Structures are given as C-alpha cells and as structure tokens.
Amino acid sequence: MIHRQGTTKRYSDSTSFNGVVYLVEVPSTEEGDIQAQTRDLLNSLERTMAGAGTDKSHLLLVQVYLTNMVRDYEGFNAVWDAWLPEGTAPSRACVEVKGLAKPGWKVELVVTAAVNPDLLA
C-alpha cells in the first residue's frame, strides 16, 4: 500500500511504500545564505520525516542540489555534519544545478529513508 502525506495536485510531502519513504525538501524562504537555508530545510525535513514514520538516523540516500558549488558546498556541509548523527551517514550525491524552482533557493534535497518501526507504534 502506498501512503502519501501532504498531497497536493502536483506533489506529496512524502510518499512511502514497502518500508521506504521518499521526500523532497526545499527551504521555506529565499532569504539567507546557504547555512541559514540549510538549517531551515533540515528542520522542515525532520518534521516531514517524523510524520512519515522515519528520522535522520534512517536515511538511505540523499541527493543534494546546490546552485553554486564553489560558494556553498563547505557551508552546506558544515550544517549537514552538525545535524547528522555520527555513524548514520547515508549514501549521498551533491551536484550543482543551474537553478531551482525559486530564484533565491540555494539548495534542494531528494531523500530516501527507511521507515523507523519505533516511530510507527
């Protein structure tokens, strides 16, 4: 059975199937530098993951999209490294893109995570 959370006409905040959760997260604002947008995005991601029955210790794969790799890679990683629990790093790709849906966004994440059975109880 497929479970969708926060479904609109275009997308769902999360989609889960067979013990795997799929999410995409963007900053809630176009303001701020990469560290501010990354903190905002990760806080929102945690809430969405909790609602989908998973958490950051169950990440499987993360795809990071940055609009400026030279300017933002180290700043993104500083926030990411502080947020991620030791020993739980997922497989990860980080690529530079020409742009995102809103011109001020500097980062977008595509996330795959395993369901955490402890959160479903």
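The following legends describe close-up views of a predicted model. Local features are reported for residues with a pLDDT of at least 70 and side-chain atom pairs only at pLDDT 80 or more, whereas totals for chains, interfaces and linings use all residues. Residues are numbered from 1 along each chain as its sequence is written, and side-chain values use heavy atoms, with hydrogens and water left out.

**View 1. The sheet is open and mixed in its pairing, with six strands in the order 1-2-3-6-4-5.** Strands (E, at least two residues) and helices (H or I, at least four residues) are DSSP runs numbered from the N terminus, and two strands are taken to pair if DSSP finds at least two bridges between them. The edges are formed by strand 1 (3–5) and strand 5 (91–96), each of which pairs on one side only. From one strand to the next, the twist averages 10°, where axes are lines fitted to C-alpha atoms, for helices over the stretch in contact, and angles between N-to-C directions run from 0 to 180 degrees.

**View 2. Strand 6 (residues 107–114) runs antiparallel to strand 3 (residues 20–25), to which it is joined by six bridges.** Within this pair, L23 stands opposite V111, and E25 has L109 as its bridge partner. Strand 4 also runs antiparallel to strand 6, through seven bridges, and here L61 is placed opposite T112. Because six of its eight residues are buried, strand 6 is largely enclosed by the rest of the structure; buried means under 20% relative accessible area, exposed over 50%, and partly exposed in between, with a 1.4 Å probe and protein chains only.

**View 3. Strand 2 and strand 3 form a hairpin with two residues between them.** The two strands run antiparallel and are joined by four bridges, with T15 opposite Y22 of strand 3. N18, found in the loop between these strands, has a phi near 55°, a positive value in a residue other than glycine. Most residues other than glycine have a negative phi. N18 is exposed, at a relative accessible area of 68%.

**View 4. Helix 1 (residues 34–51) and helix 2 (residues 69–83) have axes that come within 9 Å and cross at roughly 40°.** The two helices are therefore oblique to each other, a class left for angles that are not under 35 degrees (roughly parallel), over 145 (roughly antiparallel) or 65 to 115 (roughly perpendicular). The crossing is right-handed, which requires the near helix to be turned clockwise from the far one by less than a right angle. On helix 1, the contact (heavy atoms within 4.5 Å) is made by I34, Q35, T38, R39, L42, L45, E46 and M49, and on helix 2 by D72, G75, F76, A78, V79, W80 and W83. By class, this contact has nine nonpolar, three polar and three charged residues, with Ala, Val, Leu, Ile, Met, Phe, Trp, Tyr, Cys and Pro counted as nonpolar, Asp, Glu, Lys and Arg as charged, and the others, Gly among them, as polar.

**View 5. Helix 1 packs on the sheet, touching strand 1, strand 2 (14–17), strand 3, strand 4 (59–66) and strand 6.** The direction of helix 1 makes about 30° with that of strand 6. Helix 2 lies across strand 4, strand 5 and strand 6, and runs at about 155° to strand 5.

**View 6. G6 lies in the loop between strand 1 and strand 2.** With a relative accessibility of 37%, G6 counts as partly exposed. Once neighbours within four places in sequence are left aside, G6 is in contact with Y11, S12 and D13. The C-alpha atoms of G6 and T48 are separated by 9.0 Å, although these residues are 42 residues apart along the chain.

**View 7. K56 occupies the loop between helix 1 and strand 4.** Not counting residues up to four places away in sequence, K56 touches E46, M49, W83, L84, P85 and T88. The C-alpha atoms of K56 and L42, which are 14 residues apart along the chain, are separated by 9.5 Å.
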